[in-house]
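User: Could you please walk me through this structure? I am new to reading such models.

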Amino acid sequence: MRFLRENASAGSRRVCGPRYVQPTENDPIAIHEWPPMNDRFSENHESLEMRKSAGASNTELERFRFEIDEIDNEICSLLEKRFSAVEHVRSAKSAHGQASPIRPAREFAILRRLAGRPDRLVSPELKVRLWRIIMSASTLSQASVTIHMSATIAESVPFRLLIQEHYASFPVMVHQDDGHALACVGADAAGLCIVTPNSSWAGAFLAGEAGEARIMGCLPLVRGAEMPELLILGHGEPEATGQDETILIGKSKLPETSASWQIASGDVYVTSYSGFHLNPDRFNVAPANAANVVRIAGYCSRLAGARP
């Protein structure tokens with residue numbers, strides 16, 4: 001490469017910067033510099049346009065981020081209002097002597113309404129997860145609620161994850177078996193006990209170990225298989241939701257033809273029938289005697305659809 005420099009006396013060409021000089025008759029050797037001026041001008045122009053475009057994009061991006069920040073602030077303000085309303089609910093419950101802060105039918109109605117909203121971008125599964133966290137925090141703000149469970153459930157990772165997904169930060173107390181867990185929830189008006197349908201809990205329940213506690217829910221909340229994986233016992237007031245299952249227990253096997261599911265729990269049978277039923281004898285076809293007594297163990301409701 002040859003570089004030209006200004007030389008007025010020699011009349012040579014002036015170069016102010018890198019350039020591309022075409023060969024001439026007097027100067028057959030071309031001076032090459034890259035990029036050529038036209039290309040460099042084009043690149044500089046494109047670079048400027050890109051910077052302008054990037055600046056516009058960044059400005060637009062910042063505007064959307066600001067909008068998201070404002071929405072987050074609004075959500076926090078609404079949560080503050082919701083928890084303030086919960087305080088009034090807590091006061092009203094105390095005035096009426098309601099020991100358990102949990103109303104299963106009310107919680108189910110909220111989740112069913114929200115999951116059924118025709119929102120385009122927020123899935124029913126996400127709404128159920130979010131509101132379970134909110135409702136769990138609301139419950140703990142009203143009373144101290146402990147979950148009682150056997151060591152068998154506590155040692156199962158899938159069960160623990162399922163419980164945590166539903167009850168978030170509820171404290172847990174682990175017992176050696178279902179009988180001890182039921183006895184604790186029987187003495188704890190605000191507590192919960194979680195059992196598996198096929199464990200030995202039903203015999204202890206028939207023996208009165210759970211006191212006044214009854215089945216008030218099941219997990220998973222969204223129906224997957226016919227039989228739920230876990231049953232939740234507590235002192236929540238039973239109320240019909242329109243999507244109820246009545247769970248009965250007894251020494252005799254109840255008719256399976258109309259049952260949603262049935263399973264043995266030790267030497268006791270656990271059977272679920274669709275609907276909110278108050279009279280267990282309508283399902284008992286065995287001779288009426290002390291050995292064939294059938295009791296309503298409680299009720300549960302599940303949302304239709306795939307599990308979140």
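**Charged pairs**

Analyst: D267 counts as exposed, at 52% relative accessibility (exposed means over 50% relative accessible area, buried under 20% and partly exposed in between, with a 1.4 Å probe and protein chains only). This is a predicted model, in which local features need pLDDT of at least 70 and side-chain atom pairs pLDDT 80 or more, while totals for chains, interfaces and linings use all residues. Residues are numbered from 1 along each chain as its sequence is written, and side-chain values use heavy atoms, without hydrogens and water.

User: Which side chain meets D267 in a salt bridge?

Analyst: D267 meets the side chain of K251, at 3.1 Å from N to O (a salt bridge needs a side-chain nitrogen of Lys or Arg within 4 Å of a carboxyl oxygen of Asp or Glu). The pair ties together parts 16 residues apart in sequence, because K251 is in the loop between strand 6 (244-250) and strand 7 (261-265), and D267 in the loop between strand 7 and strand 8 (268-274). K251 is partly exposed, at 41%.

User: How many salt bridges are there by this rule?

Analyst: The count comes to 13. In one of them, K253 pairs with E256, their closest N and O atoms being 3.3 Å apart. Both are partly exposed: K253 at 47% and E256 at 45%.

User: What about E87 and R90?

Analyst: Their side chains form a salt bridge of 3.1 Å, N to O. The two are three residues apart in helix 1, so about one helical turn separates them. E87 is partly exposed at 34%, as is R90 at 28%.

User: And how many helices and strands does the chain have?

Analyst: The protein chain has seven helices and nine strands (DSSP runs numbered from the N terminus: H or I of at least four residues for helices, E of at least two for strands).
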